[in-house]
Amino acid sequence: MGSTQADVQVLVQMMQHLNVEPEELLAAARPQNIPTFEQFMPLVRDAAPPASRVIYHAYWNTIVTCWGTRRLHEPTPRDVDELYEHVRAIAQRRRNHADGGSAVHHTYYALQRVYRLAVDQGILSSRQDLMARVPKPRKVKSRRHALSPQLYQEIVQTAVRTGHDPRLDSLLLRFHLETAARTGGALGLLLQDLDPDRLLITLREKGTLRFQPVSRTLMQALLDLAEERGVSARTSPLLRFPDGRPLTRRRYQRMWDRVGKHVKAVEELSISTHWLRHTTLTWVERNFGTAVAIAYAGHSQWNLWRGSTTIYVKASLEEVATALQVLTGERHPLALVGSWTVEADDVHPLQEAER
């Protein structure tokens with residue numbers, strides 16, 4: 001016997017009272033064919049971009065280890081909290097270890113990708129999205145700050161004195177201090193990204209691309225390294241080991257671990273390459289203002305400096321080149337005319353190195 005309009009109205013009222021969506025009724029009426037985490041995880045890996053697979057690989061493995069036989073709709077927010085504690089307990093104690101806070105953050109995003117895909121594929125309803133009910137973990141406050149000129153010099157001298165490839169160590173430290181580039185920007189640098197005439201390099205970082213002014217000294221050092229280590233194809237990675245292999249992040253980690261054995265502050269503060277970025281951007285902000293510092297860093301104007309005024313005060317490439325010119329003490333072809341006489345209030349480690 002078919003339902004009447006009155007029956008439908010009663011059902012709608014009951015659903016509103018119980019806060020139940022139609023899709024949930026349909027899901028309940030269907031056979032329970034929701035996959036387990038072990039069954040679903042290969043699909044998550046295949047759907048993720050290559051960079052995300054690298055970042056979340058270990059965390060997806062941990063999720064499968066802990067919840068492998070459970071179905072996607074079974075865990076609760078309390079289970080997520082327990083997973084966080086497990087991840088925190090097994091997190092590797094590296095030099096920059098912060099009580100597992102970073103591992104917890106990565107676990108949150110790894111789970112988020114699992115449930116987003118499950119909802120997109122219709123396996124779960126939006127109301128069954130567990131991560132919609134789990135608050136984002138509070139981000140661990142960064143302990144990084146600008147390095148003093150004296151400490152930077154000690155780091156450079158130690159890296160050059162204790163390593164097997166002092167030329168590369170010196171170049172890497174100079175590159176990151178001068179450009180404020182991230183590690184990924186350096187590793188992604190190609191031979192075609194060098195513009196010796198305008199003294200510019202192209203940096204690709206976190207899905208963005210920008211031109212970064214560099215000194216003639218740094219440009220020549222990059223060109224010399226490329227020639228010495230056999231980089232001839234324009235699309236080839238520029239930074240390489242002496243045997244021609246492209247650099248990896250592990251090369252940076254080994255350098256800082258080595259320096260940390262000789263420089264107490266490096267070990268105690270867990271100083272890494274990103275501290276050089278903090279150092280230069282702090283100096284640029286103090287001497288040239290926030291707008292130039294944002295442009296120097298390659299950050300989004302709107303995201304980092306709220307307010308409609310940002311539309312009108314965006315710093316130009318020439319202003320970034322001017323800041324670099326003062327920082328390095330070397331003329332740059334793109335610097336603003338008459339800016340050579342600008343004096344910096346604070347001494348930057350790179351300036352100290354030239355004295």
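This is a predicted model: local features need pLDDT of at least 70, side-chain atom pairs count only at pLDDT 80 or more; totals for chains, interfaces and linings use all residues.
# Briefing: Aromatic Contacts, Salt Bridges and Local Backbone Features

Tyr 109 has a relative accessible area of 26% and is therefore partly exposed. The structure contains five aromatic pairs and 17 salt bridges. On the surface, a patch of positive charge is formed by Lys 136, Lys 139, Arg 144 and Lys 206.

## Aromatic contacts

- The number of aromatic pairs in the structure is five. One of them joins Tyr 108 and Tyr 109, whose ring centres are 5.2 Å apart; their planes stand at 80 degrees, so the pair is classed as edge-to-face. An angle over 60 degrees is what this class requires.
- The two partners of this pair are placed in separate burial classes: Tyr 108 is buried at a relative accessible area of 7%, whereas Tyr 109 is partly exposed at 26%.
- The rings of Trp 283 and Phe 288 also pair, with centres 5.9 Å apart; because their planes meet at 50 degrees, the pair is tilted. Trp 283 has a relative accessibility of 4% and so counts as buried.
- Which residues form one aromatic cluster? The members are Phe 37, Trp 67 and Tyr 115.

## Salt bridges

- By the rule applied, the structure has 17 salt bridges. Among them is the contact of Arg 229 with Asp 165, in which the closest N and O atoms are 2.9 Å apart.
- Why does this pair tie together parts that are 64 residues apart in sequence? Arg 229 is located in the loop between helix 10 (216-228) and helix 11 (249-260), while Asp 165 is located in the loop between helix 7 and helix 8 (166-179); the pair therefore connects these parts. Arg 229 and Asp 165 are both buried, and the relative accessible area of Arg 229 is 8%.
- Arg 229 has a further salt-bridge partner in Glu 228, with the closest N and O atoms 3.4 Å apart. Glu 228 is partly exposed, as its relative accessible area is 45%.
- These contacts belong to a network of salt bridges that links Asp 165, Arg 167, Glu 228 and Arg 229.
- Glu 205 and Arg 182 form another salt bridge, their closest N and O atoms lying 2.7 Å apart. This pair links distant parts of the chain, since Glu 205 is in strand 2 (residues 200-205) and Arg 182 is in the loop between helix 8 and helix 9 (183-187), 23 residues apart.
- Are Glu 205 and Arg 182 buried or exposed? Glu 205 is buried at a relative accessible area of 3%, and Arg 182, at 16% relative accessibility, also counts as buried.

## Surface charge

- Lys 136, Lys 139, Arg 144 and Lys 206 gather on the surface in a patch of positive charge.

## Positive phi values

- Leu 199 has a phi near 55 degrees, which is a positive value in a residue other than glycine. Leu 199 is part of the loop between strand 1 (194-195) and strand 2 and is buried, with a relative accessible area of 0%.
- Ser 270, likewise not a glycine, has a positive phi of about 55 degrees. Ser 270 lies in the loop between helix 12 (264-269) and helix 13 (274-288) and counts as buried at 6% relative accessibility.

## Contacts between C-alpha atoms

- Where is Leu 130 placed? Leu 130 is in the loop between helix 6 and helix 7 and, at 1% relative accessibility, counts as buried.
- Leu 130 and Tyr 115 are 15 residues apart along the chain, and their C-alpha atoms are separated by 7.0 Å. Tyr 115 is also one of the members of the aromatic cluster with Phe 37 and Trp 67.
- Val 156 is located in helix 7 and counts as buried at 16% relative accessibility. The separation between the C-alpha atoms of Val 156 and Ser 170 is 6.5 Å, with the two residues 14 residues apart along the chain.

Conventions:
Residues are numbered from 1 along each chain as its sequence is written. Side-chain values use heavy atoms; hydrogens and water are left out. Patches are made of residues with over 30% relative accessible area and no salt bridge: like charges are joined within 9 Å, nonpolar side chains (Val, Leu, Ile, Met, Phe, Trp, Tyr) within 5 Å. Accessible areas come from the Shrake-Rupley method with a 1.4 Å probe; for residues, only the protein chains shown count as cover. A salt bridge is a side-chain nitrogen of Lys or Arg within 4 Å of a carboxyl oxygen of Asp or Glu. Lys and Arg count as positive and Asp and Glu as negative; His and the chain ends are not counted. The place of a charge is taken as NZ of Lys, CZ of Arg, CG of Asp or CD of Glu. Rings of Phe, Tyr and Trp (its six-membered ring) pair if their centres lie within 6.5 Å; planes under 30 degrees apart count as stacked, over 60 as edge-to-face and the rest as tilted. Buried means under 20% relative accessible area, exposed over 50%, partly exposed in between (1.4 Å probe, protein chains only). Helices (H or I, at least four residues) and strands (E, at least two) are DSSP runs, numbered from the N terminus.
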